[in-house]
Amino acid sequence: MAYDPSNIFARILRGEIPCKKVHETEHALAFHDIHPQAPVHVLVIPKGSYVSWDDFSAKATDAEIAGFVRAVGEVARLVGVDADGYRLLANHGANSHQEVPHLHVHITGGRPLGPLLLRRD
């Protein structure tokens, strides 16, 4: 999947589309998901043009990686899910149903979330 600079998250980063911001750092932006799947559902995106975790981990600078990972933890604390638990999810590619070609981590919590995947024994 190639990076598309017209994707919705790139447009949010450029200020072309508004978001309900939770937190912003030099390397990351966090905002509420417009279709929440849990009481708390926040997206954290890097400010660089990275398609996926694979792309980010291969090409981002050490400062970008550290800044992004720290931002994810900061956001979990800011939205109050750190005490009871939360889920981090980052989709990669078609088989995982990645819809936007810009790396994003979903932080979900605020209630028991159940198993991540259904077991098929």
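Here are some notes on the structure above, taken point by point.

1. **Ground rules.** Please read everything below as describing a predicted model, in which local features need pLDDT of at least 70, side-chain atom pairs count only at pLDDT 80 or more, and totals for chains, interfaces and linings use all residues. Residues are numbered from 1 along each chain as its sequence is written, and side-chain values use heavy atoms, with hydrogens and water left out.

2. **The largest pocket.** The largest pocket holds about 700 Å³ of space. A pocket here is an open set of points on a 1 Å grid over the protein atoms alone, where a 1.4 Å probe fits, with protein on both sides within 12 Å along at least five of seven lines. Grid points are joined across faces, edges and corners, and the volume is the space filled by probe spheres set on them. Rolling a probe the size of a water molecule over the atoms shows where empty space is left.

3. **What lines the pocket.** There are 30 lining residues, and D33, H35, Q37, H41 and H106 lie nearest the centre; a lining residue has an atom within 4 Å of a point. Two or more residues of the lining come from each of α1 (8-13), β2 (28-32), β3 (40-46), β4 (86-89) and β5 (105-109). These helices (H or I, at least four residues) and strands (E, at least two) are DSSP runs, numbered from the N terminus. By class, the lining has 15 nonpolar, 10 polar and five charged residues. Nonpolar covers Ala, Val, Leu, Ile, Met, Phe, Trp, Tyr, Cys and Pro, charged covers Asp, Glu, Lys and Arg, and the others, Gly among them, are polar.

4. In soluble globular proteins, nonpolar side chains tend to be buried together. The largest nonpolar core in this model has 17 residues, of which V44, F56, F68, V75 and I107 touch the most other members. At least two of its residues come from each of β2, β3, α3 (62-78) and β5, and α3 gives the largest share, five residues. A second, separate core of seven residues includes L29, F31, L43 and I45. Such a core is a set of buried Ala, Val, Leu, Ile, Met, Phe, Trp, Tyr and Cys residues joined through side-chain atoms within 4.5 Å. Buried means under 20% relative accessible area, exposed over 50% and partly exposed in between (1.4 Å probe, protein chains only).

5. **V44 and A30.** Which residues does V44 contact, leaving aside its neighbours within four places in sequence? They are A28, L29, A30, F68, V72, V75, L103, H104, V105 and I107, where contact means heavy atoms within 4.5 Å. A30 sits in strand β2 and is buried, at 1% relative accessible area. Not counting residues up to four places away in sequence, A30 touches K21, V22, H23, V42, L43, V44 and V75. Between the C-alpha atoms of A30 and I8 there are 14 Å in space, and the two residues are 22 apart in sequence.

6. **Aromatic pairs.** The model holds five aromatic pairs. Rings of Phe, Tyr and Trp (its six-membered ring) pair if their centres lie within 6.5 Å, and planes under 30 degrees apart count as stacked, over 60 as edge-to-face and the rest as tilted. F9 and F31 are edge-to-face because their planes stand at 65 degrees, with ring centres 5.7 Å apart. As F9 is in helix α1 and F31 in strand β2, the pair ties together parts 22 residues apart in sequence. F9 is buried at 6% relative accessibility, and F31 is buried at 3%.

7. The W53 and F68 rings make a tilted pair, with centres 6.0 Å apart and planes at 50 degrees. This pair joins helix α2 (residues 53-59) to helix α3, parts 15 residues apart in sequence. W53 is partly exposed at 38%, whereas F68 is buried at 0%. Y50, W53, F56 and F68 form one aromatic cluster.

8. **The loop between β4 and β5.** N91 lies in this loop and counts as buried at 17% relative accessibility. Leaving aside neighbours within four places in sequence, N91 contacts S96, H97 and Q98. H97 is found in the loop between β4 and β5 and counts as exposed at 55%. Worth a look is the phi of H97, near 70 degrees, a positive value in a residue other than glycine.
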